[in-house]
Each structure stands twice: as C-alpha cells, then as structure tokens.
Amino acid sequence: MHKEADIRLPLILGDKTYKDITDDVIKPIESKAPKTWYLLFMISVVIGLWGIGCIVYLLGTGVGTWGLNKTVGWAWDITNFVWWVGIGHAGTLISAVLLLFRQKWRFAINRAAEAMTIFAVMMAGLFPLIHMGRLWLGYWVFPLPNQFGSLWPNFNSPLLWDVFAISTYFSVSLVFWYIGLIPDFATIRDRVSKPIFKKVYRVLSFGWTGDAKAWNRFELVSLVLAGLATPLVFSVHSIVSFDFATSVIPGWHTTIFPPYFVSGAVFSGFAMVQTLMLILRKAYKLEAYLHVKHIEYMNIVIIVTGSIVGVAYITELFVSWYSGVEYEAYAFLNRATGPYWWAYWSMMTCNVISPQLFWFKKLRTSLMFSFFMSIIINIGMWFERFVIIVTSLHRDYLPSSWTYFHPTWVDIGVYMGTMGLFFTLYLLFSRYFPVLPIAELKTILKSSGKNYKEGYGHGEGYWQKHTEH
Amino acid sequence: MEYKISDKAKKFTLGLAIVGIVLLVIGFFQQKDFVYAELIDDESVKIFYNGHAGEEEQAKLEESIKEKMSDYELDFVKNHDHSQHENEHANDHSSTHTNHDAESDHLTVDENHDESSDDHVGHHGPTFVWEVHVKSSNHDKNHSEEHNVSDHSSNEQSTHNVDLDQHSSNNGHHGDAHHNTKSGSEVLTEMINNREISFFDSGLRRFWSNLLINGFFFFGIALGALFYLALHYATESGWGVVLLRIFEGIMSAMPIGMAVLLLVFIVGTFEGHHIYPWMDSNIVDPDSHSFDPIIYGKTAYLNKPFFWIRVLAYFATFFLFLRWFKKKSRQEDAEGGTATHFKMYRRAALFLVFFAVFSSTMSWDFIMSIDTHWYSTLFGWYVFSGIWLSGMIMVMMITLYLRSQGHLPFVKESHIHDVGKWMFALSFLWSYLWFSQFMLIWYANIPEEVKYFVDRIQDYKLLFFGTFVVNFVFPMVFLMSADTKRSAGYLIVIGLIIFIGHWFDVYTMVIPGTLFDQWEFGLLEIGMFMLFLGTFVYTVLRAISKAPLIQKNHPYLEESKHHEF
C-alpha cells in the first residue's frame, strides 16, 4: 500500500473528481478556440513562413548570406542548433528521469514538456541540414553505400555521432510521448461528438480498449522506454559538446564539457517549460493541476542545474589559468574582457547570478518572477552557446585574422523563423492534444489530491488514512 | 530497535585489521627503488639508477649483484657524476620516469631527456651509470680491459675488476656471441629489470602513496554517505528514511580518513615524502637546478599556506555538518515535531552548496596536484562520482549485513532494490565521466594533457583499462535486471568487485604520479587495505550501535515503512 506523508503538499488542488480531470483537460479541445489563440497562431505562422523564406533564399544563394567569415566559421547557426537541442532536453528528463525517481509532480508538466522536446529537436535538426548548403543531399550523413553518390562518412567525426545521437533521441522521445498519449486519445475519442473528430481520434488512439492487460503493457513499456531514454538524455548533449571538446581550440577543448552541457541543457529546458506552462495554465485554467508548488519544484531544478553550470564556468576559468597554457588562459581572459565582454557578462548574469535569487522562497514561489526569470535564462543560455562558439573562434592564433562577427538579416531571419515554426507547432498541439496526461493524473488524485489528503473526499484513501492514524 | 555490535563482527573486523597490520609490516620492508639495466651486448650491461643512493648503498648493491651473479666474472665500470646528488629530489619526481628503455616513445613535453648530456641538465640525469662486463668466470681478463680503454677513457671512473673463480658451471662460450643458453649479460639484465636486484626505497614512496590512497578512499566513503544523507533531506525523499541511521553510521567514520590524510599532508609539508612535487621547495625555487617553471606558475594556488587553509576548511566544514546532522536527528527522536526536520532540510541544501565547490577543489588539491603539470576540468566531478558510488556500496553492504542479522525489520526488498538502483546508476555515471575525460584527451592528443594517460597506458595498462571494464561492465550486466537488485548474493558479489574496482581507480589516480613505472603490488597494498577496511567497518558498526536504528519521529517514516513496488 502506498502512503504519503501528511507534510507533503497536495499536487491537485480543489475538490476534484476523476470526471473533473477529464473535463478540465479536454475542454479546450471540445470548445472553440478563443480569438487570442488565432491571433498568436497567425503571428507564429507568419514568422515561421518568413523563416522558411530566409532558408529558401539561403539555399538558393549560399551559406555566404550568413555573417560567417574565414575566422568565424560557426556562429549563429550552431548556436541556435545547440540552444534548441538544449531546450529539447527537459521533456525527456521530466518523463524519463523523474519517472524513475517517482516524482509525481511531473504529471503536471510532462505531456507539454515532451511536446516541447519534440518540436525543439525538430528546430535544432534544421540548422545542420541548412548548414550543409545542399539540403537535397542531406541523406549523405548516413552511412550509405558509395553507389548512392555519397562517400562513406567519417566515423571519427563527432558531427556524425551527432546525427545518430539526435535521431535516436528524437525517435525515442517521439515514441515515449506518443505512447503516453494513447489512453488519453481514447478518452477524447469516447467523448467527442463530431464524426470527423471521432474518426481522427479513433485512428490516433490505436484502438485502445483500456482493459487490464493493455494497462499492464502500457506501464511496462513506459518503464522500459524511461530506462532507454535516461542514458539518451545524457548522450545527446554530451555528443553535442564533443563537437567542440574533441577539437584543440582553446575554450572548446575542455573535459568538463559533456556533463556541463547536459546540466546546461536541463537548465534551459526547464526555463522553456516554465515559460510555456505558465502561459498554458492561465490560458486553459489548469491552476488546480499546476500550481505554485510545481513552479517551485521547477525553480529548484533551475537553481541546481544553474549552479552546476556556474561551477563549471568557474572551473573552466580557474583551470585555464592553472593549466599554465597561455592560449588557454588568453581564450578565457578574452571572453571576459575582450570585444565580446558584453556577451560573456550577459551569460554570467543570466545563468549564474540571477538564478541564485531563487534561494528566496518568496521569489521562487512568485509566478510573475518565475516567468520573468525563465525568459532571462532562455536568453542567457543562448548567450552561453554564442560565447563558447564565437568568442573562441574570433581570435585565433594569427592576430592578422582576428575579426568580429556581425549577423546578417538572414541569420536573424532563420532564427526568428524557427521560433515561429516552434510556436506554430506548439499552438496546434495545445489545441488538439490533451496538454496534461489525463490517465496519469487520475492515478495520483487519491494520494495527492487536496480533497483526499484533507479527508473530505469520499474515496477509499480517506478511510484507510483515518483508520491507521 | 537497538543494535549491539556482536562479538563475531567485532572479532572479524578487528581480526581483519590485525592481519592487515601483519601483512603491512612485511610489505613495508619490500619497498623498492628500481634500478634499470640496458643490454649492450653479450658481455656488457649498462646499469643506471636515478634515485638517491650514497656510497655505502651503492656498495651494497654491487655486493648483491655479485652474489647473484656468482657464476660469472664481473667487471664494474663506474661513472659517478657528483653533480647529481644535490638534485635527488627532482629525480624522484620526474626523471626516474623517463629514463629507461621503454620510454623512448613517450610523449613528454617537459622532460625530453638525453642520457649522455648530463652535465647541464643535471637534474634530469641518472645518479649513476655503471657499465658491467659479464663473462663466465673462466674468461680471461684482458678482454674487459680493452673495453675500458675504448669506451670510457675520458670519463672520471673507477674500475673494479672482480674475479670470481669458483662455481663456473657455465663454460664453453669464450668470446662467442652465438650460443644456446643466455649470456651472462642477458641474465643480469633480466634479473635487474625483474626487480630481483634493487635498492630499498628509503623514500618509502609506496608506503606514503598507499596511505594517501586508503586515507582518501575511506574518507571518500564517509563523505559519500554524508553527501547522500544531505541529498535525501534536501530532496525531501521519503523512501530511504529507514536507512538513514546507516548513512549516519558510515559518515561517522570520517575522522579515520581525515586523520590519515592530515598525516600525509603534514609529512608532505615538511618534505618527508615526495607525493606532491609542488611541496618541494627546490622545485619552486628559481635558483635551484630542479626548478620547474610550470609548477612555479601554479604557486599562487598550490602553495603550502593556502593548501592548509583549504584542507582545514574542507575538514572543518564536513565535520561540523556531520556532527550537526547527527545531533539534530537524535534531537528529533527525543522531541518529535517537524521543526527539526525543516531545519535539516534547509541545512542540507546549504551543505550541498559547500559540497559542490569543495568536492571539486578537494580532488584537485589531494589528487590532481600529484601530477602537477596535468589538468582536467572534469577531474573533480569524476572523483566525486567514485566517492558517491563507493559510499553507496558501503551502505548496501552494511544494510545487507544488519538485515541478515535481523536488525532491520523495516528494510524491505524494495529498499534494497532502490539502493541497488543507485549502485547501478552511479556506476553508469562514473563510467560516463571516465569515458568523457579519457576520450576527449585521447582524441585531442595535446601533449600536456595526454601525457597523463600515456603514462597510465604504458605502465599500468591492465589496471587502467581493467578498472574501467570491471566498474562498467559488471554493474551493467549483473545489475540490469530487477531480480539481481533484490538478491543479496548477487549484490554482495558484484558490490565487492566494484568496491575493489573503485579502490583501484583511486590507486591508478595516485600511483602513476608517485611511483611512475616503479610500481609493484603486494602485501603492503593488501595489508594496508585490510587494516583500513577492518577499522572502518568496526568504527561504522560501533557508531551505528550508538543510536536506535530507526528515526522514530521522522515525518517521512511511514512512507519509508510502506515503501513497496
């Protein structure tokens, strides 16, 4: 028998029943979308289309339309790539790692965070593809026989490892997300009345019957996938960090990169979850399921991962001096005091200093402040990648080739475009998919629901609790 | 819920320690300082030594060679270079390592060394080089004198002609290079390179290095337990409450490790051993022959006063937190209520902040600075993962023991399973960090960095890759299944294997930097490990017996008692 201590705060507020949970989550799907949704959707689509336009122009003209030059060969493109991959970490961490740790508060955010992961990884994947210049030959990254026109790719290259890591991560996350959705799709299928919706959700739910056997397998598959996905959470961003750390460029080659990138990814991912969920809970009136305690937990994850990142920054800085290698030391000195000082200090302020404000309970339980901080961290993590990539490159060993990177309108356009596409997909998801896991929320209602905890519900748990006391 | 340490357990742990002492004492006298031999031709061998050895010791060595080679006629051509003697410290650290035949393809930045030019780079040269001419005893003398004149006429040298006429069992190869049995010079070379002939290591390098290894390993186990306890409070975990007193018991043994580490550091500070090159006043003295500019560049951080400030800060912080947690949990037993719990929750978070910084800097100070030139940003986290895992294995072992004795009625299979999961997961974490650090340095192949692994692969190949394979593959294969994580038999066997595996992990972090290629594994290592293990486990069991095994007023106790999945 499961028991929950009295001092744990309830995870579901209000006097909710099973039916209330279904009603609350499905309401947005059943009702007509509000005007603001259409407005946001239109804006996102327009920005997304603008981005696609930029990509088409870029492919037609060449990568030279980016601001890259001979010294800075990687800039916004890879920065955006790493930024999006990083954001794509939170979903799987929440659904896999927190599942293994039996953290029940994850049910309030896991569905939406997983969706965010999928869309973010899609956006990330775009950048290396565009960077190839010849998008139509993108399949060359796979180890195909030479008759296909490609040369066997270089297995020593971490860029190739990236292809495998990200595609594996994407497919496992997708499967994980979709399997969780199946019972909820079935619930929607059983409720909606419009024939077209009924048909679509019937197909989507794969003929889910909800019998005991199906549930048994559902739980088993979830656990197995969680076990598989956990090493993937580590591997993806570790391999992304190998793109830099296997090189011999001062500022890139440092052994702390893999775990530090993973931590940074979780940090940025949680910030993005925070941004999205704080809007979603308000728009869809889900305050009972996602309340201040959940926000506080997420903020604690943000302090922890942010502090790990902070320790890593300081370790890097210290060891660059301790190493006694002058180039190493210069790379870091140049970061902090060189022409890109503003990027470095934005990164430090946003990622290391400001999350420490969450040590104050008042601040980490304030919704407005959390929202503000989540934006700050998103910006900070973008700067982190920019600092790592551009400031390490722009001053190489030959002072005559020192330069400064200026983004062009195509750089900015492609980046904004991925934001547009991301929000387009996310808005569609939030309209047609259940944004909270209906079935899983029901499993915690009787142990963590406020009404049951306080004893005025009428479930089984009420009596057991009181006979044992 | 009281636990009293049983006589059997007492006898076993203390017995282990006593056997350990005996082995340690025997092992202590087997410490060697290696002499190297290089085969020149069938009749001559070059013998060289880089450490510190006075006339008397050298004479002793000569005697022992003569004794072992009594079948042959030996002729010593000695080349003493007196400029070496003032620089013996440097020899201890660097050049012993580079100065033998297997080293020729080493990627070393700082010590590219040429044996013949030993006047100006004096501190990189050997202490003495002998050329020994070996003949079967019925060989005539004139031949050897020819050699002397042709090879060493200009050197300051003393020639000893040693005639040993007796026991000439090996005859019939007078001046003949081709024969079936080994020539005398080959026999001598082999004997020396197999360590049958060597000096007693007056620096006791093996002893001090092992003291550091065991001190750090067992300190780490206690620290790992303290860390996990703090993590348990800070994350408001419920499942492990019934195990918390075991964590408390293990962390109570921290003073053992601290005391040993302090001893090592104090002796090091007064240059009683040479584990930390940066503590050597010659190396950081710009006027000395053995001055090392790279180490000198690090003195702002690696200097004795600052080092001691840090050491005392680490130990004081950890010890105070440890005491405080123990005190508060007993206070909770007596007073009840949730006030103490929330206080501990907040204090645990504070501890984690200190730990986040100190665990890294501590491993730089204690371990990474042994290979003073080398640096790796990941090192601290890598060491931390090993500490945490070793702590978890200790928790598992003590829990299984106490449970088998019937002392832990509330600890169910699910709790064991969860600790097993931690062992499994942390083994992966450790392997991940091991691989990240190794792969990145191997891949980039930057000389300053890769030297660390080159040394380990050349001289410690089996240990270096062996620890990785054992600590990665064993837990992965045997702890993957849920059933094995619930089976005491599996857990004990696998747990012990990876426990020893992690001891060897610490071993390969320390020894290659202190003994270089001059390492041997024997009674000294085994005995000292047994001594520490016995003492440590005894201390832990005694500490556990000091308090009830259950924290009866812990607010999550009911969750833990009903923890089943």
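# Briefing: the interface and cores of chains A and B

Chain A and chain B bury about 3,700 Å² between them, and carbon and sulfur atoms give 69% of that area. Three residues, B:Thr377, B:Trp381 and B:Leu440, supply 20% of the area that chain B buries against chain A, more than any other three residues. The model described here is predicted.

**The interface between the chains**

- In terms of contacts, 42 residues of chain A meet 49 residues of chain B.
- Two salt bridges are counted between chain B and chain A.
- A salt bridge joins the side chains of A:Arg8 and B:Glu559, with an N to O distance of 2.7 Å.
- There are also 15 residue pairs in polar contact between chain B and chain A, both residues of each pair being at pLDDT 80 or more.
- Four helices of chain B each supply at least two residues of the side that touches chain A: helix 11 (339–366), helix 13 (413–444), helix 14 (447–459) and helix 18 (557–561).
- Helix 13 of chain B gives the largest share of that side, with 13 residues.
- Sorted by class, the side of chain B that touches chain A comprises 28 nonpolar, 13 polar and eight charged residues.

**The nonpolar cores**

- The largest nonpolar core has 293 residues, and those with the most contacts inside it are A:Trp84, B:Phe318, B:Phe325 and B:Phe366.
- Helix 6 of chain B (residues 205–234) provides the largest share of this core, 20 residues.
- Apart from its neighbours within four places in sequence, B:Phe366 is in contact with B:Leu212, B:Phe216, B:Leu261, B:Phe265, B:Tyr276, B:Phe307, B:Val311, B:Tyr314 and B:Phe315.
- A second, separate core has 21 residues, including B:Val45, B:Ile65, B:Val134 and B:Phe199.

**The histidine at position 291 of chain A**

- A:His291 lies in the loop of chain A between helix 9 (257–283) and helix 10 (292–322).
- The relative accessible area of A:His291 is 8%, so this residue is buried, the cut-off for that term being under 20%.
- Beyond its neighbours within four places in sequence, A:His291 is in contact with A:Arg281 and with A:Pro10, A:Leu11, A:Ile12 and A:Leu13.

Note on methods:
Residues are numbered from 1 along each chain as its sequence is written. Chains are lettered from A and ligands numbered from 1 in the order in which they are written. This is a predicted model: local features need pLDDT of at least 70, side-chain atom pairs count only at pLDDT 80 or more; totals for chains, interfaces and linings use all residues. Side-chain values use heavy atoms; hydrogens and water are left out. Buried means under 20% relative accessible area, exposed over 50%, partly exposed in between (1.4 Å probe, protein chains only). Contact means heavy atoms within 4.5 Å. Buried area is the accessible area (1.4 Å probe) that two parts lose on being put together, summed over both. A salt bridge is a side-chain nitrogen of Lys or Arg within 4 Å of a carboxyl oxygen of Asp or Glu. A polar contact is a pair of N or O atoms within 3.5 Å; within protein, one must be able to donate a hydrogen and the other to accept it, and residues adjacent in sequence count only if both atoms are side-chain atoms. Ala, Val, Leu, Ile, Met, Phe, Trp, Tyr, Cys and Pro count as nonpolar, Asp, Glu, Lys and Arg as charged, and the others, Gly among them, as polar. A nonpolar core is a set of buried Ala, Val, Leu, Ile, Met, Phe, Trp, Tyr and Cys residues joined through side-chain atoms within 4.5 Å.
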